[in-house]
Amino acid sequence: MSTRKNVLIISYYWPPSGGAGVQRWLKFVKYLRDFGWEPIVYTPSNPEFPVLDETLAKEVPEGIQLVQTPIWEPYTAYKMLTGRKKSERLGAGMLSEKKKSGFLDKLSVRIRGNFFIPDARKFWIKPSVKFLKKYLRTNSIDAIISTGPPHSMHIIALGLKKEFPELPWIADFRDPWTNIDFYQELGLSGWADRKHHRMERAVLDTADRVVCVGKTWTDELRQLASPEKQGKDRFAVILNGFDDADVFKGAITRDEKFSLAHIGTLNKSRNPHLLWQVLKKMCAADAAFAQKLEIKLVGKVDAAVLASIEEAGLTSYLKRIDYLPHGEVLRIQQESRVLLLLVNDTPNSKGIITGKYFEYMASRTPVLTIGPENGDLAEVMRESGCGLLAGFNDETKLQQHIQQLFDAFASGKETLFSGDIDAYSRRSLTGKYAVLLNSIIKS
């Protein structure tokens, strides 16, 4: 008979969802059993995922209980409003592959922000609370974890907490709520802004613990809670990480070109204008560099990024690869000469520690980052010894880093940035999460 304790995980993203949103809790679920916890996942049966990756189902441990109910989402109406095909999948993070957003696109964003609060999955909240109340009365659950965005998952858990106040609840934030980089782009009315903040504060005040993926964002969430609820013992940092299994096991041949590869969604707020200008200058000054350069973009790319590349005269160096299954992405990471990590140049950039960095870390491929030099990511890079970082506007340092990497490539003596990274493994971080879960269980 199993002696594991049961934790109910409320998550919108779950295989066959692809993209970044699914990775954190897919990996925690993968390893929780090793630390005395049996995960039970509650997720929609018919969600509207931005991308699909059927291969990720292989990572779900055998026998994991998956509890599903249907969700209604307003995306059919949205697609009709904006002239999209019914089969078209919608991009995440405000990405647009159109060269110019139309009036209807902008109107739909305002509708989203003002009427679908906290997000377009709000219509799943009441049915889920009703269903899970019955489920909890007939099943043994020792703790609940909600993971957002979408933050409707937290509101579901909040409804359950009101009914079962003794059941411990952890609200896990993969991204901020009202401090998210595109919050100001939602065109919110004063009423809608206040409602977002009220709901956010209710979650922060009521959860037994609040977890976020970095120090800065965790501190920001703590400050958004009511003053009497801001005790540091209620707020914890548990980073994203890399899975030791996420290394391509086949034969790897490094690219013949000096390939600078960005893996994943590249939206407008991460468009590295400075990088394109530096590459343009380096190509003009060095024929050997120009001959060997390749810009490799893997995944969805905003039209604004492609326009910037074209304006810099770099289109001939561009190699585009559409969304790929996770296993293929791992291969490309190891084949590339340099992996680009681009932090959103937005007011909340100091707190961004993209999960992609840890996968890059595991690939042992050189990492070139453009981001805040005083941010949380810079601190992790210093601690791990993995990669080179230049500030958003530091043209000199960026060019020096690229030249250093190119010189190593040209000489055949590439430096692989492989510091002490064991603390960032998904298994180690799952152990940290299990300690936190154990700490809130009443004996």
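Residues are numbered from 1 along each chain as its sequence is written, and side-chain values use heavy atoms, without hydrogens and water. In this predicted model, local features need pLDDT of at least 70, side-chain atom pairs count only at pLDDT 80 or more, and totals for chains, interfaces and linings use all residues.

A salt bridge is a side-chain nitrogen of Lys or Arg within 4 Å of a carboxyl oxygen of Asp or Glu. By this rule there are 21 salt bridges. One of them joins Lys30 and Glu59, at 3.5 Å from N to O. Lys30 lies in helix 1 (residues 23–32) and Glu59 in the loop between strand 2 (37–44) and strand 3 (65–69), so the pair ties together parts 29 residues apart in sequence. Helices (H or I, at least four residues) and strands (E, at least two) are DSSP runs, numbered from the N terminus. Lys30 and Glu59 also belong to a salt-bridge network with Lys27, Asp243 and Asp246.

Burial was assigned from relative accessible area: buried is under 20%, exposed over 50%, and partly exposed in between (1.4 Å probe, protein chains only). Lys30 is partly exposed at 22%. Glu59 is buried at 14%.

Glu328 and Arg331 form a salt bridge, with the closest N and O atoms 2.6 Å apart. Both residues lie in helix 11 (residues 326–335), three residues apart, so about one helical turn separates them.

Ser152 is in helix 5 (residues 152–163). Its relative accessibility is 0%, so Ser152 counts as buried. Contacts (heavy atoms within 4.5 Å) of Ser152 include Pro118, Asp119 and Arg121, not counting residues up to four places away in sequence.
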